[in-house]
Amino acid sequence: MAAAEAAKGRDGPDFSELPEGCIARVVSFTSPTDACRLAPVSSLFRSACDSDAVWASFLPPECRQMVPRRVSSLKELYFSLCDDPVLVDDGKMSFSLERHSGKKCIMLSARALSITWGDTPRYWSWNPMTDSRFSEVAELINVCWLEIRGRISSRMLSPGTRYAAYLVFKSTPTFYGFDFQSVEVGVRFVDDEAGKRERSVYLSGENNTRGRQTMPRFRRIGFRFLPMPFELVDDNRDGGPRPAPASAEGNENRPKERRDGWSEIELGEFLTKDGEDGEVEMSVMETKGGNWKAGLVVEGIEIRPKEGKE
């Protein structure tokens, strides 16, 4: 019997003898995912892993001041911020947490962005949408010059994190001008011209051209835009219409559907560094084609940790 007890003791440490506060202290140096995995070990571990002492370490310090929510525990507050973003900055921005890491996620509303001609009703309209987290979104009526920019200070985000920015949008039944026309997107620190990275993406999905009305294209002459039949437009400047983009780049450079019913396209990524502050600029532009565009509904630009990269 004594030998059996000795063998049992050699199988591993007996954490049941540790004070709950000691366990909570150790768990607080792990991650939210680890805390949830450790909780089922025993009733003592569950009590420690669910304690405010643990979840306070996973929440950004400013959370309790900026989130006016009644919750029974900091763990409940944490997961409420993962599932239900809170509006800040007079409703022009939303704040949430990435579920697995607790890193900060920010979405700039359309009102927080700089949209060329955004305040001109003949080009853009501002409307409420029931499935948007913000009070209003921007709907493109008709423009030939598309330019959307947003800026955010890196100190608003989690330090030492690889972030990506995403344009969050929808298309209306009048969506046109994007099926065969790419847009230039990019993300950069404002003072780092050498680090500027741009790429071409398509805001139209692979099958979005089916069943959609073909709208006339326009040729620019001086300051006037004259309508041209679709089959005669020199989109490629080589005498023929622009071909459909190659399917090989369809997945990477095409929008993806989100769980909230909107679509998103990645604009680029950047790294926040410990102890450093800088202004990050994100851009979406199509100013070279000269064709008119409509039917794009912009909810905002979301900045969140890049999956699998920290």
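Is Glu266 buried or exposed? Glu266 is buried, at a relative accessible area of 19%, where buried means under 20%, exposed means over 50% and partly exposed lies in between (1.4 Å probe, protein chains only). Keep in mind that this is a predicted model, so local features need pLDDT of at least 70 and side-chain atom pairs count only at pLDDT 80 or more, while totals for chains, interfaces and linings use all residues. Residues are numbered from 1 along each chain as its sequence is written, and side-chain values use heavy atoms, with hydrogens and water left out.

**Around Glu266**

- Glu266 is found in strand β14; strands here are DSSP runs (E, at least two residues), helices are runs of H or I with at least four residues, and both are numbered from the N terminus.
- Its side chain joins that of Lys306 in a polar contact of 2.6 Å. That term covers a pair of N or O atoms within 3.5 Å; within protein, one must be able to donate a hydrogen and the other to accept it, and residues adjacent in sequence count only if both atoms are side-chain atoms.
- Leaving aside residues up to four places away in sequence, Glu266 touches Ala164, Ala165, Tyr166, Val185, Arg199, Val201 and Lys306, a contact being heavy atoms within 4.5 Å.

**Salt bridges**

- The count comes to 21 salt bridges, each a side-chain nitrogen of Lys or Arg within 4 Å of a carboxyl oxygen of Asp or Glu.
- Lys306 turns up again here: its side chain meets that of Glu269 in a salt bridge (3.6 Å, N to O). The pair links distant parts of the chain, with Glu269 in strand β14 (residues 263–272) and Lys306 in the segment after β16 (294–305), 37 residues apart.
- Lys306 counts as buried at 17% relative accessibility, whereas Glu269 is partly exposed at 29%.
- Lys104 and Glu62 form another salt bridge, with their closest N and O atoms 2.6 Å apart. This one also ties together distant parts of the chain: Lys104 is in strand β3 (residues 104–109) and Glu62 is in the loop between α5 (52–55) and α6 (63–66), 42 residues apart.
- Glu281 and Arg149 meet through their side chains at 3.3 Å, N to O. They sit 132 residues apart, Glu281 in strand β15 (residues 279–286) and Arg149 in strand β7 (residues 146–153).
- Glu281 is buried at 9% relative accessible area, while Arg149 is partly exposed at 26%.
- What network do Arg149 and Glu281 belong to? Salt bridges that share partners join Glu147, Arg149, Arg151, Arg188, Glu279 and Glu281 into one network.

**The five-stranded sheet**

- Strands β7 and β15 are both part of an open sheet of five strands, in the order β4-β7-β15-β9-β10, with antiparallel pairing. Two strands pair if DSSP finds at least two bridges between them.
- The edge strands, β4 (114–115) and β10 (197–201), each pair on one side only.
- Strand β9 (residues 183–189) runs antiparallel to β10 over five bridges, and Val183 has Val201 in β10 as its bridge partner.

**Helix α7**

- Helix α7 (residues 74–83) is mostly covered, with seven of its ten residues buried.
- Those buried residues are Leu74, Leu77, Tyr78, Phe79, Ser80, Leu81 and Cys82.
- Their cover includes α3 (32–38), α5, α6, β1 (86–88) and β2 (93–97).
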